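Subject: Structure for you to look at

Hello,

Here is the structure I said I would hand over. Please open it next to this email and follow along as you read.

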Amino acid sequence: MSHRTDDLVADLATTLPSATIEAIVLQHFGIHGVVRDQLNSERDQVVVFDDVAGSTRVVKVSHAAERLDFVDLESRVAWWAHGVDPGLPVALPSPTVDGAWHAVADGRLVRVFDHLPGRASVDGATLQSATVKEYGATVARLARATRGFFHPAADRRLLWHVESRHQVAATTGAIDDASGRQLVEEAFSGFEHRVAPLWRGMRAQVVHADLTLDNLLLDSRGSICGITDFGDLTHTTLVADIAAALASVGSTRTGRHLFRAIALFLDGYTSVTPLEPTERVALVDALAVRLAITVTLSASRSVGGLHNAEYLRSWDAGAWSMLRQLRDASYDELARAFGYAPAVSDTTALVARRHAVFGSALAPLTYDEPLHLESGDGATLLDVDGRRYIDAYNNVPVVGHAHPRVADAIADQARLLSTNLRYLHPTAIELAERLVASMPEELGLDTVLYLNSGSEATDLAWRIASAATGNTGALVTDFAYHGVTTATTALSPEQWRGGWTPDHVETFAAPRGSTPDVTSMDDAVRRLAARGHQPAALFVDCTYTSDGILVPGKSYHADLQDAARRVGARVVADEVQAGFGRTGEHLWSFVGAGLTPDVVTLGKPMGNGHPVAAVIARRADVEALAAETEFFSTYAGGPVAAAAALRVLDVIDDEGLLQHAAAMGARLRSRLVAQGHPAIREVRGRGLLLGVELDGVSPAAVRDGARRGGVLIGTTGRHDHVLKIRPPLVVTEEQIDRIAAVILDAANRYEG
Ligand code: PMP
């Protein structure tokens, strides 16, 4: 490794006279001109040079000890970055008359750069928000432009680099003030504890490593128009590169202004290069170390009385101030600025806050001892105390919690565009085409409308059926749930509280028992007629989830829909709960159930958690609605929602989840019935939606007992008398076996 840390003590003050520089530039670069001005530089002699043709140049005379390979590195990287991203205003070295990027004269390495217009060393506190963001984006663009660059000298280390911290940390004794010394030592040791172990695993490459406001030029509108000085360039982490810039952007800011500037800078950076969660967290400590190095070097150089000590001291006040502010900031302040997860709230306090702010209309928390979750993966959930659960309850994350492909699709599309369907965009159209193609062709379901929730989908299905039939009544099973809007609450007897019964809705008995028939529905039709309503729609969730999870034979559905159609009703398959492969083998539960719907509603699992829902119907029926109203819902089917739903379909296909759901469902059922456990009266359902009817055991006690065993299940049915099991379709064999074992164990414990 090429260490170049001797510059702490070397006095590099010798400068060349202007006349010498002018002669060198003429001889080696063929440029005739005069030195106008000297610029500030830590190690080198940098001058402004006017050529006779009227152009201004910057001539950089490296210090006497400069290595040729380092100068070569800096020249090559500038041209490399320019080649990758020509829009980056990088200061480029001019060639010599011999075609080299530097000349060797008087024992010095001399380079000539175009002089970039603009103001340098602007006070960070005066930057507009837009410039702070642009600054972040520029740091990211430059790093992206040098991502593929390699040079054997790029492993050089300067004292400024985070990698040199041990050497600098050994000199903190030069800091007079004891409290300041302690602050700096804390910064070094905090980094050592929290970040150093992760450092080698972070993204690293050749980066500028010193893109401070001293090395940026701004035009009169405050836009970045120049990037100079690759003198600190090295191979290190992206985090180190960002920290160097943040140290500069924040150096004269305090309080809210500081943290706001950090957040805006990172917005700009991540608009080009997203950060990994570890990088965001490491950034605070890396920034603190960068600042600690700054003030320590300044103190030790003052002690040494070196020529550039004053130059270094110019950064002191800002660095000290930022160091203190970082130390004193609350976790949540840092989390907001650096964009990482806020602190985990205390569970008890959160319960109280939940109640205070939501009131009692919102459904209560699921367990007496609430589940306070942090993350998920596949069919696994993790709570804030690090406890793992197998999720055997949630049907929404159908392809698994936090599926990377779906999460990436959402994030990628959100980074690009999120608008509405009044603008032309392919994702919603492609999705609609795929949904149409997924329906049995003979049904003629050719038209798609998007919504944001299952309730809205059922609501719209109701409007379509009403418009298409001109009728006013609805038929639903006796404990159905179809949604939360006014129209769909009316379709949801499960939610009819306090004896309320809507006039236009009638219920019929859900198909319980071995030979259910449809006479109950015929009766319901008669009751509706007596109140002056012809049915517009029959709503069926083919898995009867809220009715207790039922599996009538195909002939039941054939009879049911015939009876409905005889009285002019449309048949609506509500696939919000049971769609997207839940029942195994087929994407849609109505296929295996023998129902041939006129309208299909989709929701919950459609975006694996991202809100997206749809209605699929026949064109003529949708046109009947169109004659009454124009349909548009702002978010519905927007590019992000559609991207999520497209990926869900892809993953179901690529991971073979329809077959997997069927196999896992069969495995779970056989595990549950294998022992002939007396508490298990019946296991019903299809695919990975199973209902377990218990005997002599409280389902709620089993549900809560299973949770203590690390398995999440629910209860359903009019009396909550049935265990509801519906894990994400990616559940594994081992997890299925564990689910069965935990449920059986809980049934043993809570028997009688
Ligand atoms: N229909 C059925 C069959 C459902 O299970 C649900 C939700 N449980 C809905 C409609 C309503 O969906 P959402 O909660 O997304 O509005």
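In this predicted model, seven strands make up an open sheet with mixed pairing. Their order across the sheet is E13-E19-E18-E17-E16-E14-E15. The two edges are taken by strand E13 (447-451) and strand E15 (505-508). Each of these has a single partner strand, so one side of each is left without a neighbour in the sheet. On average, neighbouring strands of this sheet are turned by 20 degrees against each other, direction ignored.

As background, strands of a sheet pair through backbone hydrogen bonds, either parallel or antiparallel. Two pairings in this sheet can be followed residue by residue. Strand E18 (residues 599-602) and strand E19 (residues 613-617) run antiparallel and are joined by four bridges. Val 599 has Ala 617 in E19 as its bridge partner. E13 and E19 also run antiparallel, with five bridges between them. Here Val 448 has Ile 616 in E19 as its bridge partner.

Helix H18 (residues 519-530) lies across strand E14 (473-477), E15 and strand E16 (535-540). H18 runs at about 160 degrees to E15. Helix H21 (residues 619-628) also packs on the sheet, where H21 touches E13, strand E17 (570-574) and E19. The direction of H21 makes about 50 degrees with that of E13.

Asp 503 is in the loop between helix H17 (486-489) and E15. At 42% relative accessibility, Asp 503 counts as partly exposed; the class covers values between 20% and 50%. Apart from its neighbours within four places in sequence, Asp 503 is in contact with Leu 528, Arg 531 and His 533. By contrast, the C-alpha atoms of Asp 503 and Arg 43 are separated by 87 Å, and these two residues are 460 residues apart along the chain.

There is also an open sheet of four strands, in the order E20-E21-E24-E23, and its pairing is antiparallel. Its edge strands are strand E20 (680-686) and strand E23 (714-716), and each pairs on one side only. From one strand to the next, the twist averages 30 degrees. Strand E21 (residues 689-694) pairs with strand E24 (residues 722-725) in the antiparallel sense over four bridges. Gly 691 stands opposite Lys 724 in E24. Helix H23 (residues 657-674) lies across E20, E21 and E24, and H23 runs at about 175 degrees to E20.

Now the aromatic rings. A pair of aromatic rings is described by the distance of the centres and the angle of the planes. How many aromatic pairs does the structure hold? The structure holds eight. Among them is the pair of Phe 191 and Trp 199, with ring centres 5.2 Å apart and planes at 65 degrees, so this pair is edge-to-face. Phe 191 and Trp 199 are both buried. Another is the pair of Trp 496 and Trp 500, which is edge-to-face because the planes stand at 80 degrees, with the centres 6.2 Å apart. Angles over 60 degrees count as edge-to-face. Trp 496 is buried, with a relative accessible area of 18%, whereas Trp 500 counts as partly exposed at 41% relative accessibility.

Two arginines are placed over rings. Arg 156 lies over the face of Phe 70, at 5.2 Å from the ring centre. The charged end of Arg 726 sits over the ring of Tyr 393, at 4.4 Å from its centre.

Last, the cysteines. A disulfide is a covalent bond between the sulfur atoms of two cysteines. How many disulfides does a search of the whole structure find? The search finds zero. Cys 225 is buried because its relative accessible area is 19%, and buried means under 20%. Cys 542 is buried too, with a relative accessible area of 2%.

Regards

Notes
Residues are numbered from 1 along each chain as its sequence is written. This is a predicted model: local features need pLDDT of at least 70, side-chain atom pairs count only at pLDDT 80 or more; totals for chains, interfaces and linings use all residues. Side-chain values use heavy atoms; hydrogens and water are left out. A disulfide is a pair of cysteine sulfur atoms within 2.5 Å. Buried means under 20% relative accessible area, exposed over 50%, partly exposed in between (1.4 Å probe, protein chains only). Two strands pair if DSSP finds at least two bridges between them. Axes are lines fitted to C-alpha atoms, for helices over the stretch in contact, and angles run from 0 to 180 degrees between N-to-C directions. Contact means heavy atoms within 4.5 Å. Rings of Phe, Tyr and Trp (its six-membered ring) pair if their centres lie within 6.5 Å; planes under 30 degrees apart count as stacked, over 60 as edge-to-face and the rest as tilted. A charge sits over a ring if NZ of Lys or CZ of Arg is within 6 Å of the ring centre and within 35 degrees of the ring normal.
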